[in-house]
Amino acid sequence: MTLVVSGLHAWYGHSHVLQGVDFEVGPGEIVALLGRNGVGRSTTLKALMGDVERRGRVLLDGARIDRLDPHQVVRRGLAYVPEDRQVFPTLTVEQNLDLGNWRGRAEGGWTKPDVLSRFPRLAERAKVPAGALSGGEQQLLSMCRSLLSNPRLMLIDEPTEGLAPAMVTQVKELIVEIAARGCAVLLVEQKLTIALKIASRVLVMVHGQMVFQDSTAAFIAAPEIRRRYLEV
Amino acid sequence: MSSLLILSLLNGLAYGLLLFLLSSGLTLIFSMMGVLNFAHASFYMLGAYLGFQLSAVTGFWVAIIISPILVGLIGAAVERFGLRKVHAQGHVAELLLTFGLAFLIEEVVQLVWGRSAVNFVLPQILRDPMFVLDGVAYPTYRIFMMAVALGMLAVVIVFLRTTRVGLLVQAALGLPRMVGMLGYNVPRLFTQVFAVGSALAGLAGAIGGAVLVTEPAMARELGPIVFVVVVVGGLGSVFGAFVASLIIGMVQTLAIGFDRPIYAMLGFGSPGEGGLAELWSVSLAQIAPLLPYLLLVLTLIFRPRGIAGTRDL
Amino acid sequence: MTAAIELSGISKSFGPLRVIEGVDLVIEKSSRHAVIGPNGAGKSTLFHMISGRLDVTSGVVRLFGEEIQNQKPHRIARKGLSRSFQITNLFPRLTAIEVLTSAMLWPAGVRYDFWSPLARLRDLHERAAAMARDLGIASTDTPSGLLSYADQRALELGVAVASDARVILLDEPTAGMNRDEARRTRDLILSTTEGRTLLMVEHDMDVVFGIADRISVLASGRIIASGTPEEIRRNAAVQEAYLGAEEEIA
Amino acid sequence: MSRYLNHFLIALALAGGVAVPWLSGSSFTATLMSQIAIAAVFSVSFNLMWGTTGLLSFGHALYFGAGAFTVMHLTRMVNDGGLAVPIALLPAAGGLCGLVLGLVLGSVATRRGGIAFAMITMGLGELAFSLSQTLKGTFGGESGISADRTQGPEMFGLTFGPYLQAYYLILAWALLCLGMMYYLTKTPLGRIATAVRDNPERAGFLQFDPYVVRLMMYVAASVFAGIAGGLSSLLYEIVTVEALSLNISSNVVLMSVIGGTGHFFGPVMGASLVTWLQSTLSDHSEAWLFYYGIFFVAMIVFAPGGLAGIWVGAVRMLTGQNRLAALRAVAGRALRLAPLVMGAVLAIELAYRASVVSTRGTELHLFGAITLDAANLWSWSVPGLCLAAGIWLLAAGRRGARKPEDRA
Amino acid sequence: EEPIRIAFVDPLSGPLASSGELGLRHYQFAVDEINRNGGVDGGRMLEVVPFDSKASPQETVLLLRKLADEGFHYVSQGNGSSVSAAIIEAVEKNNSRNPDQTMVFLNYSAVDPALTNEKCSWWHFRFDTEVNQKTAEMTDFIADNKDLKRIYLINQDYSFGHAVGDAARSMLGEKRPDIEIVADEYHPLMKIKDFAPYIAKIKASGAQAVLTGNFGADLTLLVKAASDAGLDVDWYTYYSGLLGAVTAMGDAGVNKVYELSEWHENIDNPELAAFAGAYKEEFGDDWRYMRVKFMFGMLAQALDEVGDDPAKVAAALSGMSYDTPLGQAVMQPENHQIIMPQFVTVLSRDVPNDLEGTGIGRKTIREFPAQSAVVPTTCQMKRPG
Ligand SMILES: Nc1ncnc2c1ncn2[C@@H]1O[C@H](COP(=O)(O)OP(=O)(O)OP(=O)(O)O)[C@@H](O)[C@H]1O
Ligand SMILES: Nc1ncnc2c1ncn2[C@@H]1O[C@H](COP(=O)(O)OP(=O)(O)OP(=O)(O)O)[C@@H](O)[C@H]1O
Ligand SMILES: CC(C)C[C@H](N)C(=O)O
Ligand SMILES: [Mg+2]
Ligand SMILES: [Mg+2]
């Protein structure tokens, strides 16, 4: 799987948020998308999904997916974990997970028993309406739900927000494993310590444009980038 | 048991089941999509008129199959070109749209078929008595109507149990975009659900129109009662709607059969004239029409989730 | 001297699920107390029970010595308790100023008043405007539902501190903020809660250690440790249940 | 700027309201404008619940009807000499009745918001309606009860017999009510009501009991609806159980929504337009209900902010930077839509004439000169051509519109 | 010269619309005839202008105000006694408050007795016999049926229906105390869709006959339900000749359904038959209300006598005698109620003319002269001025 993005623009009404973004994500890679608040990282993910007004070329293994509706994009193998969790509050944890598995059957990869055994808390709460879960639990659920479609590329937005440190470690391990099992990850993450630890490449964004694109090592080696674009 | 009681019970059952047939579609639409579809009874009316028109060409049996399909298609169009456009503004906008639609459908029906009742009659085989009880014939069509309603109940329940449509729609209500981003075509799903719900109304119309009367006011009169059934039955519960329909059907029918002034029922003498006397001398049949609404209000106060609902309204 | 908040033996069950199991906790007047703990430990649930959003299954909650468990939120609020929510819970069609004045009405002695014009309460309006400035809310005349996420979080905090409540409960006030914003918010919390009692839940250890003078750790519905920040940092059980590897704290 | 424009328009509307019936000298105009004034009070009172407090009521006719019957019964008492109060003051009793009923029923209805509230009010409304049909002694059955507004103690030497006098009486009451309701939205209760509308639970954490807030707003709405009902019984001098029916309840929803529930004056606009349409359109076309329905649906789909929303947009446009360009765009769109609308109207009119319901024969006369005959197939080509042209223009316009691809 | 306009105010929408439209067609046809014959008052034409009463008294009151504004002098209505009552009051108020613009109300079909008794008005003229008159004649006829022992009264729950029930009960009680009235039932107006529960009750009561004033859907559905249930009783009705009723009853009604009316399709009078035939020719449905023709005849007579002045027309109508082809009709001056000959009919297949193409029509089995419609009145007529 290779995702190639070129000249991606996006708008909210009249505000032009993405102004020509180019980048790539290779198979099995974890790519961290960094930037200050409000530079358009979440919008980039939404634009890939087709959830905002957009223009540009997005190629998934050579096929254009930039004119598709979100559900069609998902059927091509992308999955999305939104920053505000978006669990279905009236459905139980289990039902939430079932909906994630749109293929309707468990094949190879990730299955419901898989994720439930990995996060016993979710298993305990299987029959509880997702709206009653604690903030952190909802975050986990949201991620597991998207995972069950066994995507080829996952777009994950701020997965560790509101998680306790111990849980953060678990999520970090999960992401690493997702990638290890062959699914590429495009990760938006506030906490640099985590992002840098698991990502193989780093994208830095400022005002709707990419200003840096290189390996993690190169990023660490260039502290001025960090100072200029990430710190206030 | 007196034959009047048996007949009243049977009539109540038949009416209740017709109500159920009509409201099962709304239960689907309302509890799944949250759309308080004021045009639902209008789809019922369309089903009746189309059934009438078609039966002249194709005969009754084909007509009661095609008519619901046509109504379903109309429903799909309404969802696709109307509701979908206002969906983002919330349920009230949807409600108001269907409200206006009910208006329009009534006008169109009058334009095409005139302002008085049309002569929609059942085939003779259904009009023949099924049995005769104490000199009163019980026509076959009532039994037929009951059978269709029970069949519908089974179909709907199986449909909801075995598919995840119910879950999806419920999820999509609050977070349609998220459902889309899990790989489902939400707009199409809504259209389908709405079409199926409308088609059920159409079926009720095709049968009910022939059994009762097919006339332009039929929608307006049944409109509010359908909501009572859905709310009393409980949001999301087809079975609840079934029970509620039966209760309302029975109450309405028995009140006519065993009409009595209130004071007499409570064992008092005649209250004479004036003052509160009027309230006392009201008879059971006279208050029958308000019983469903009383039931509605009491349900909402004391048991907001209805008879078998899964969540509060 | 009575404590600001005193929980004795409170428990919460949802059906068969026991989420809080006999928590005892004393929050001294004018202290800044943080509750930390793993996700799903029951921190928000605890807040909900104190503030009246949820009923307690058993146990007693005292606010300045008075029992308040199972009372309606507005009754508890009137006794001098105010809170914010982990998941933004505002008035989307009101502007920031309107939201803040609404929060100031009752404390200013204006109740279900339908006879005097709002416009006469000029000082209220000015205080709200000043507060919006302090919170760094960019636009005060757009509906708050259209504000950016960070502004909404700030407003969430603002509503909690706008009233003159003596006790303030903050549920993850800095969630979703980057480090600088979190730092700014920390200062804001410090200044606005001056002289009042603060109880907060927070996962950002910078903020916790920067604000709290006492910390309690909640895990699986029980308090497993309570103490000063230093004691908590050193507590092995806490390390294991919550903090995980040391590196993440920094 | 836009503020002054608004004030100017309100002043203009007021002046028109005072002068027009007097200048026109037509009792029908006076009656129509009385109806509008009553409808305005009624729909603004509805909007105190819906627009301000977020409570959608499907049973608001209950208070309108109760007020109307109360005032009617009192008027009869005055007519019979059993009560010596100037009839002009009686609408206050309608308000009082609304107050009492609102408190009693509201304490049940406002426990819950949302759809539950909508359904419970619908239930209460239908309950009251059914009950009133049953109690023929009090409500007069189908024929209703009637009285004479001129038979009673005089006030300032006025009998209120002539329609113009009656109109000014009603106008005075209406302005008083509208003023009070406007004021209410500007008080702390009004503010908190909007907070309750947006998020009742959180309002509770601001120390206000959302239930009390809802109840107070509900009662206020009931009071003014009761006064509106009382005014209607002065105007018509007859009330039937119709006044309590779902028709009235839904009509007030329609009027408020068409007018726009986001603005105080939206419902006033809606009430004016709808009342005017209802009483004049039916004279000009058999298809008036059809047009009314289409208009309503079109408003919902294309102008969710209602008339007030359109108005605000228009003011913004007129006071904005490129007002000429905007005006040109609007004019262009109107021109493009014209053939479509014309074709549709012609088609509808012909369809009604061709249909069984026609009471006017099959001929349609246009501008005095052209005659179309619905029975003649050729006549149908006229609307046909208009529609085709309209659709072509629309499609062309859409093709010409800027696409997102062309931006940036 | 301007035509003389008559406002026709009847339901043209809603469940009663078909009755209103039927009336309107009758009006237009009757007026056309007069206009063809040279109009009235030395050559002025008559014009019928339809208005929708929406079957609502309140709407109608409003409408009347508009009519006054637009200078209408003649208002006519028939469907719904409650609307008529409202019109009477509104006309009274208008004529006293607005003496330059008086109006006359011509009622062609609303037959609640109150309208010419306690609610009577100088400005209201009723051209149909009211319930007490009809019932007096009908019960005379019933009284002759010696086999009848048990009768069931079922009527619509509003002023007209109650009038029928009350009249039938008291008059039957007087004329045939031995007949048991097994029920005096009232059902909601135009709301019942399924009369089966009522039929079960009628059956259970053991009634041999049903007397009902029901009209429109309330009659057709009642009879339809009875025929589906195989209920075998005689029907005494006032409106079974109206739209759709005969079609709905079909053979179940033959020799079972009796009706009282001022004319029917099998009366052997060439002039009226030709008139009805011409109507059928033009509109394709049956002429039913001969009283509409009589009413316009009387109006034309009044206009010819005194010209287009409503006050004078009212005075001329009051007490007017008019020669119909079936005998003399008189507008009683003491209450402005017409008296005219009436016929009791029964449905039969054995008739030259049918209704609605069913092959079934009415045939006379008893005639009542105009005088037998004279019943006492409580009206205290107040002449204006
Ligand atoms: N729905 C929206 N409508 C209008 N503007 C929006 C909307 N969502 C985001 N924006 C604006 O677009 C810009 C980019 O938003 P985005 O959510 O992509 O930022 P981000 O980089 O993810 O930052 P963060 O998540 O830390 O706030 C911001 O300025 C934001 O205010
Ligand atoms: N209505 C409910 N039914 C069942 N379980 C519930 C309900 N409400 C809360 N819970 C459970 O109670 C536990 C405590 O939740 P709470 O929100 O208090 O956690 P928390 O400590 O605030 O966590 P976080 O830091 O993630 O916000 C969770 O595991 C949650 O699933
Ligand atoms: C036209 C008629 C059926 C009207 C009815 N007789 C009434 O008086 O109300
Ligand atoms: Mg983001
Ligand atoms: Mg929490």
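Start with chains B and D: of the 7 pairs of chains that touch, this pair has the most contacts, a contact being heavy atoms within 4.5 Å. The model is predicted: local features need pLDDT of at least 70, side-chain atom pairs count only at pLDDT 80 or more, and totals for chains, interfaces and linings use all residues. Residues are numbered from 1 along each chain as its sequence is written, chains are lettered from A and ligands numbered from 1 in the order in which they are written, and side-chain values use heavy atoms, with hydrogens and water left out.

Now show chains B and C, which no contact joins; their closest C-alpha atoms lie 14 Å apart. For chains A and E, also without a contact, that distance is 40 Å.

Next, select ligand 5, a magnesium ion. Its protein donors, C:Ser44 (OG) and C:Gln86 (OE1), lie 1.9 to 2.1 Å from it. Donors are N, O and S atoms within 2.8 Å of the metal (3.2 Å for Na, K and Ca); water is not among the atoms, so sites may look incomplete. C:Ser44 sits in helix H1 (residues 43–51) of chain C, and C:Gln86, 42 residues apart from it, in the loop between strand S6 (81–83) and helix H3 (96–105). Helices (H or I, at least four residues) and strands (E, at least two) are DSSP runs, numbered from the N terminus. Both C:Ser44 and C:Gln86 are buried (under 20% relative accessible area, 1.4 Å probe, protein chains only).

Finally, go to chain E, where 7 strands form an open sheet of mixed pairing, in the order S7-S6-S8-S9-S10-S14-S15. Strands pair if DSSP finds at least two bridges between them. Strands S7 (180–187) and S15 (361–368) of chain E are at the edges, each with a single partner strand, so one side of each has no neighbour in the sheet.

Methods. Buried < 20%, exposed > 50% of the residue type's maximum accessible area, 1.4 Å probe, protein only.
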